[in-house]
Amino acid sequence: MASILIVEDEEKIARFVELELIHEGYQTGKAADGRTGLFMAESGEYDLMVLDIMLPVLNGLEVLRRLRKTSDMPVILLTARDAVMDKVSGLEMGADDYMTKPFAIEELLARIRLALRKASKGRAVQPCTVLTAGEVSLNVEAHTVVCRGEQISLTGREFSLLQTLLENKNIVMSRDSLTNRVWGYDYFGETNVVDVYVRYLRQKIDDVYKIQLIQTVRGVGYVIKDNG
Ligand code: CA
């Protein structure tokens, strides 16, 4: 679970926030002045900082300005009501979000969850997703399909249909289900659109390489099997 640093000189607020965070399962640290807060934030031990603006020694905006030289840790500012300038400068200086005092703890918790989620998304290394069946492989990120070392040129919908079938390998997909996934739930075009696109794919893949990639399951739909 994430570690949250609370930098707030009003002991009552700091303690209340800390107890709520511990209750939610977070680890916490506290600082009651800006200099200590900055020092703790720079230690790299915390995943997010809740930072009050009106602080002794160094104010919150100054803490943020200095922190941003070395760290992109998520920061949620606590501002006094109507301190519009503080909000604007805070966001310009790289705060991720702000809360106006007095605030509902549920809202702060929600904003913390959101900021942590965004930060972890930014950090995550996207794995390269390659879907295969027999001699056919589809690279989701590169948007390429290869069979026997040759690249197959597909349109966007053809690619989506093939990707959907490969993602659900060995599962028979109904026409409805394929239509919803590839064309969207609001699709009101030709009802046989899936059949038409399966035909396109077969012309480009099955016919060329003499394989049976997409199998028809009579009365049900289509499936790509592992030994395609
Ligand atoms: Ca304060």
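User: How many salt bridges does the structure hold?

Analyst: Side chains of opposite charge can pair when their charged atoms come close. In this predicted model, the structure holds 16 salt bridges.

User: Which residue forms a salt bridge with E135?

Analyst: The partner of E135 is R148, with the closest N and O atoms 3.0 Å apart. E135 lies in the loop between β6 (130-133) and β7 (136-139) and R148 in the loop between β8 (144-147) and β9 (150-152), so the pair ties together parts that are 13 residues apart in sequence. E135 is partly exposed at 43% relative accessible area, and R148 is partly exposed at 45%.

User: Where do R66 and E62 lie?

Analyst: An α-helix has 3.6 residues a turn, so residues three or four places apart point the same way. Here R66 and E62 both lie in helix α3 (residues 60-67), four residues apart, about one turn of the helix. Their side chains meet in a salt bridge of 3.0 Å, N to O.

User: Which residues coordinate the calcium ion?

Analyst: The calcium ion is coordinated by D9 (OD), D52 (OD) and M54 (O), at 2.1 to 2.3 Å. D9 lies in the loop between β1 (3-7) and α1 (11-23) and D52 in strand β3 (residues 48-52), so the pair ties together parts that are 43 residues apart in sequence.

User: Is D52 buried or exposed?

Analyst: D52 counts as buried, at 2% relative accessibility, whereas D9 counts as partly exposed, at 33%.

Note on methods
Residues are numbered from 1 along each chain as its sequence is written. This is a predicted model: local features need pLDDT of at least 70, side-chain atom pairs count only at pLDDT 80 or more; totals for chains, interfaces and linings use all residues. Side-chain values use heavy atoms; hydrogens and water are left out. Donors are N, O and S atoms within 2.8 Å of the metal (3.2 Å for Na, K and Ca); water is not among the atoms, so sites may look incomplete. Helices (H or I, at least four residues) and strands (E, at least two) are DSSP runs, numbered from the N terminus. Buried means under 20% relative accessible area, exposed over 50%, partly exposed in between (1.4 Å probe, protein chains only). A salt bridge is a side-chain nitrogen of Lys or Arg within 4 Å of a carboxyl oxygen of Asp or Glu.
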